[in-house]
Amino acid sequence: MNYKNAIENPVFETIAAVAGEMGVESYVIGGFVRDFLLERGTPKDIDIVAVGSGIALAKGVAKALKEQPKVSVFKNFGTAMIKTDDLELEFVGARKESYHFDSRKPVVEDGSLEDDQNRRDFTINALALSLKKENYGELLDPFNGREDLRHKIIRTPLDPDLTYSDDPLRMLRAIRFASQLNFRIEKESFEAIRRNRKRLKIISRERIVDELNKILLSDKPSIGFSLLYKTGLLEMILPELTNLSGIEEKEGQRHKDNFWHTLEVVDNISENTDDLWLRWAALLHDIGKAPTKRFDKEIGWTFHGHEFVGSKMVSRLFRRLRLPLNEKMKFVQKMVLLSSRPIVLAQDLVTDSAVRRLIFDAGDHIEDLMTLCEADITTKNPRRYKKYHNNFRIVRDKIREVEERDHVRNFQPPVDGQEIMDFFDLRPSKEIGIIKDAIKEAILEGEIPNEYEAARAFMIEKGKKLGLTPKENQDKK
Ligand code: CTP
């Protein structure tokens, strides 16, 4: 089969010409070919394999290109990269061993194209297009990768035990591709992943998280997470999640399986947002349920305070996985902490003051919180499903209405501490905090509007009740 149309970009002709002059064979390989055949477009990342020196080819190509791009050389691994305005070209020499994928080990032996294809991760990633003059654009597919693409199968070119032990990260890559492309992992591969799962220990957290993020960003992340679970990998990476699995029954009362519930929530939210951190929040929103689970004879299963416990667990988990410990983590913590608030609101009468408190606590993240909480509705009871969604609509309307009127999002007290100190001629003291809190409470409860005059009058009243004397009266004394 010829696929010249995949390589219409003039850069391929340049590569072919330079390689021809140097007397080396060159091929486009990997994700570029796979994604073209899947009609996922023509990727900007292009992998080129040279039967000879990848680094020398990269240097030659850079010289031949109009924009004279810089070549980044990674000598130990025998690779070189060129970045142009719209492309990232990665060059590698064909190898007998797949060590160049595992960046800690230097490259050893040169090989042919077939050797190189043998040592790649999956049949669908071993597809190559020739850039040689004699068969320009021909697809070289020794393992029937095209059939696997058609049947949506992830399969390794060699014995899966060998392919996965060459680079254990590939176990996660298999699951990631299954999730991104909605493919099935072939049985032997699946079993090899289960068998080799402990080998994941040698992979850095950063690389693991990279794959996790890609799974989380796929259209239906539950595909990836249920594979992670079934292969035993999830237990090693996120035990907080696997601890949620299972249903217990006591005195005829059962609780839901919070692991599978969580995966449903993640799928639901993925229909409404591509925000990685909001998806993380959905994934972790119930992790506090495992340590807080209790059975009470009167009320059945409870998970008291799981939101608070869960939000504390988030920081430990982020630290362990080397996820960022910045405002992204704080956002996830906040979402976990507040994750039950809107549903409680939606079940009850929706009062203005409850909505004001919610807006006050969620601030700018109120919309995200609502998105999370709506995704959290996984009841299979159609009557309840409808009721919750209707109630959420009421909460959303109310949020809009209250926000327009009261502006409590990112609340700044209309009267600040300095003004209280000046008015009553106070030094920093606990009375100031008491008055400030009372003003905030009065606004949130709707006793006074969120305005300066009203807050000032309230401050004076409150101060008097605390036995304070305004400064002007003190002067008269
Ligand atoms: N590869 C491999 N084993 C790895 C990593 C990569 O065999 N652990 C090979 C595969 O042939 C892959 C190619 O190197 O297609 C390029 O790797 P990479 O850029 O990481 O992945 P892509 O397949 O291009 O896919 P994506 O860009 O979606 O990650």
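The model is predicted, so to speak with care: local features need pLDDT of at least 70, side-chain atom pairs count only at pLDDT 80 or more, and totals for chains, interfaces and linings use all residues. Residues are numbered from 1 along each chain as its sequence is written, and side-chain values use heavy atoms, with hydrogens and water left out.

**Ligand shell**

- The ligand has 14 residues around it, and the closest are Arg34, Asp121, Asn125, Asp167 and Arg170 (a residue is near if one of its heavy atoms lies within 4 Å).
- Helix H2 (31-37) and helix H7 (169-181) each put at least two residues into the shell, and H7 has the largest share with 4 residues (helices are DSSP runs of H or I, at least four residues; strands are runs of E, at least two; both are numbered from the N terminus).

**Ligand distances and burial**

- A ligand nitrogen sits 2.8 Å from an N or O atom in the side chain of Asp167.
- For Arg120, a side-chain N or O atom is 3.0 Å from a ligand oxygen, and the side chain of Arg173 likewise has an N or O atom 3.0 Å from an oxygen of the ligand.
- On its own the ligand exposes 560 Å², and the protein buries 80% of that (Shrake-Rupley method, 1.4 Å probe).

**Domains**

- The protein is split into domain 1 (4-151), domain 2 (152-237) and domain 3 (417-476), with bounds from an automatic or database domain assignment.
- The ligand lies between domain 1 and domain 2, because both give residues to its shell.
- Domain 1 and domain 3 have C-alpha centres 71 Å apart.

**Second largest pocket**

- Its volume is about 780 Å³ (the space filled by probe spheres set on the grid points, which are joined across faces, edges and corners).
- The lining of this pocket has 29 residues, with Lys256, His261, Lys289, Ile343 and Asp376 nearest the centre (on a 1 Å grid over the protein atoms alone, a pocket is an open set of points with protein on both sides within 12 Å along at least five of seven lines, a 1.4 Å probe is used, and lining residues have an atom within 4 Å of a point).
- H13 gives the most to that lining, with 4 residues.

Terms used
A polar contact is a pair of N or O atoms within 3.5 Å; within protein, one must be able to donate a hydrogen and the other to accept it, and residues adjacent in sequence count only if both atoms are side-chain atoms.
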